[in-house]
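Open the model in your viewer and keep the selection panel at hand. The stops below say what to select and what is there.

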2 protein chains.
Amino acid sequence: MGSARAPRLIDVNELRVACSSCSLRELCLPAGLDSGEMERLDRLVTHRRKLRRGTGLYHAGEPLAGLFAIRSGFMKSCVLHDDGREQVAGFHMAGDLLGLDAIGSGTHTCDTVALEDTEVCEIPFASLEQLSRELPSLQHQLHRIMSREIVRDHGVMLLLGSMSAEERLAAFLLNLSQRFTTRGYSPSAFRLRMTRQEIGSYLGLKLETVSRAFSGFQERGLITVRQKEVRILDAPGLKAVLDSKR
Amino acid sequence: MGSARAPRLIDVNELRVACSSCSLRELCLPAGLDSGEMERLDRLVTHRRKLRRGTGLYHAGEPLAGLFAIRSGFMKSCVLHDDGREQVAGFHMAGDLLGLDAIGSGTHTCDTVALEDTEVCEIPFASLEQLSRELPSLQHQLHRIMSREIVRDHGVMLLLGSMSAEERLAAFLLNLSQRFTTRGYSPSAFRLRMTRQEIGSYLGLKLETVSRAFSGFQERGLITVRQKEVRILDAPGLKAVLDSKR
DNA sequence: GAACGGTGTTGATGTAGATCAAGCCTGGTG
DNA sequence: CACCAGGCTTGATCTACATCAACACCGTTC
């Protein structure tokens, strides 16, 4: 269908969103590459996809198509248990790389869904492996990204295994705040893209508990919440919630 | 101290435990390599270390020395929270690769401790990256291992976030059983290398709860437990515990 | 602008697992 | 061989969170 359009126009458009001119290049796969290297990476990224809010990107069981870098928007990934139970495994924003779970088996092990309109860059994995053999910086960056994902997961395990409801929510808010900051947004005022139910699923809590924890923080003057709009009034206070329990 | 010994002897010894003659080669980093490639990998593995039970291998905060492949024995890794809380992040046995957490930042993010006398092969990471640029099979195997670690962590997150105490313990026992089987041991009778406290830490439970769940399984004829000796009498029954809760 | 469905808040009650406590194995040590 | 410390089990009680329930809010659609 896209082939009906004038090819020239598409080329120009693709050029405009090349890695080298992408504002996320320092967060994403191209971090640490020089301009020549980045150009070679660009050539791998032939597909970009726009996802409407609510649309899935890939599903558990599907063969690995490629990795996906988020250009803009917000996504969640969910792991599924045999019996239908599902849990949010992570929330992903611009610069994050999705699909790493599928490298091991060649098959995706979780579902990913856009929580707002989202644009992703598709990077064919075989080509990426090949190119990263030629570009040590790219190879290393890929390793760094996978390693950081492992460390992040360990943090979530710690949270789920040994923190109270309020501690979990405080950690969650501080983490979001930090990630927004890295991307140039306000650390203290942001809009949650996910529901209470999804936050609860991620934190191992029920939605009512999440709601009560929000209210509790608000009563103590740590934050204000109005539906999905959150403002952090007292970041040190939130951090203190984390250490309070000894 | 080792240099006082006759170098010849050490060389012969090192040869004996080369990757190519290691019984774990299909589980470990050399999986998928041909004999010439394996020989090149062998040359990276200059250090082997024996750890007495209770000894640490590396600690959070230390710079990445290298990756470590377990040749024999049993280890745990623990993530630490700022406030001193600690949680077991995983149990590791022969063929497992340790240290992946440190690639991202260059610094280890967890502690690892031998739970019984253990022998590990040290693989300098920089050399491994270099060699994996020349050997696509090695590169791919490294990626597979990291990806599988991510998938494993997602499984633990699901367990911690949405399973009851008995479900967690059942999943844990079945996982252990499966890993022992892969390594050629009995799937149904094995000796736990960790304490109830460590199992509890890993599963997000207190040791008393772990103990009660063991007793419960025993009363229902699913297993027998006597201290650290476990025998699985009814594997399908244990699997049923996982699905019971809907 | 009325009606509706998805989302969020708040209260009342129930419960799985934590906590506290006591006693029992077991393996290592003098 | 007796002793001891660390590990394990089991019981009684407590509590944080789940569950159930009612209602309020908001954005969408007709």
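Start at DNA strand D. Select helix 7 of chain A together with helix 6 and helix 7 of chain B: each supplies at least two residues of the surface near DNA strand D. Keep in mind throughout that this is a predicted model.

Which helix gives the most to this surface? Helix 7 of chain B does, with 6 residues. Now show side chains for Ser164(A), Thr209(A), Thr195(B), Ser211(B) and Ser215(B), which come nearest of the 19 residues around DNA strand D.

Next, go to DNA strand C. Here the elements to select are helix 6 (196–203) and helix 7 (207–219) of chain A, along with helix 7 of chain B, each of which supplies at least two residues of the surface near DNA strand C. Helix 7 of chain A provides the largest share of that surface, 6 residues. Of the 19 residues around DNA strand C, the ones that come nearest are Thr195(A), Ser211(A), Ser215(A), Ser164(B) and Thr209(B). By class, the surface near DNA strand C divides into 5 nonpolar, 8 polar and 6 charged residues.

How many degrees of rotation superpose chain A on chain B? The rotation is 180 degrees, with 0.0 Å of shift along its axis, and the RMSD is 0.0 Å. The two copies are thus related as by a two-fold rotation axis. To find this axis from chain A, select Arg133(A): its C-alpha is the nearest to the axis in chain A, at 2.1 Å. The same surface serves both copies, since 100% of the contact residues of chain A recur in chain B.

Stay with the contact between the chains. It takes 37 residues from chain A and 37 residues from chain B. On the chain A side, select strand 3 (86–93), helix 3 (125–134) and helix 4 (136–162), each of which supplies at least two residues of the side that touches chain B. The largest share of that side, 19 residues, comes from helix 4 of chain A. Coloured by class, the side of chain A that touches chain B has 13 nonpolar, 12 polar and 12 charged residues.

Move to helix 6 of chain B, residues 196–203. Which residues of this helix are buried? They are Ile199(B), Gly200(B), Ser201(B), Tyr202(B) and Leu203(B). Then step just past the end of helix 6 of chain B to Gly204(B), which takes a positive phi of about 70 degrees.

The last stop is a sheet in chain B. Its 3 strands form an open sheet in the order 6-8-7, with antiparallel pairing. Strand 6 (189–191) and strand 7 (223–226) of chain B are the edge strands, each pairing on one side only. From one strand to the next, the twist averages 15 degrees. Zoom in on strand 7 and strand 8 (residues 229–232) of chain B, which run antiparallel and are joined by 4 bridges. For one pair to pick out, select Thr224(B) and its bridge partner in strand 8 of chain B, Arg231(B).

Definitions and conventions: Residues numbered from 1 in each chain as written. Chains lettered and ligands numbered in written order. Predicted model: local features only at pLDDT ≥ 70, side-chain atom pairs only at ≥ 80, totals over all residues. Least-squares fit on C-alpha atoms with pLDDT ≥ 70 in both. Contact = placed C-beta atoms within 7 Å. Buried ≥ 20, exposed ≤ 12 C-beta atoms within 10 Å, placed from the backbone. Near = placed C-beta within 6 Å. Nonpolar A, V, L, I, M, F, W, Y, C, P; charged D, E, K, R; others polar. Pairing = 2+ DSSP bridges. Axes fitted to C-alpha atoms, helices over the stretch in contact; angles between N-to-C directions.
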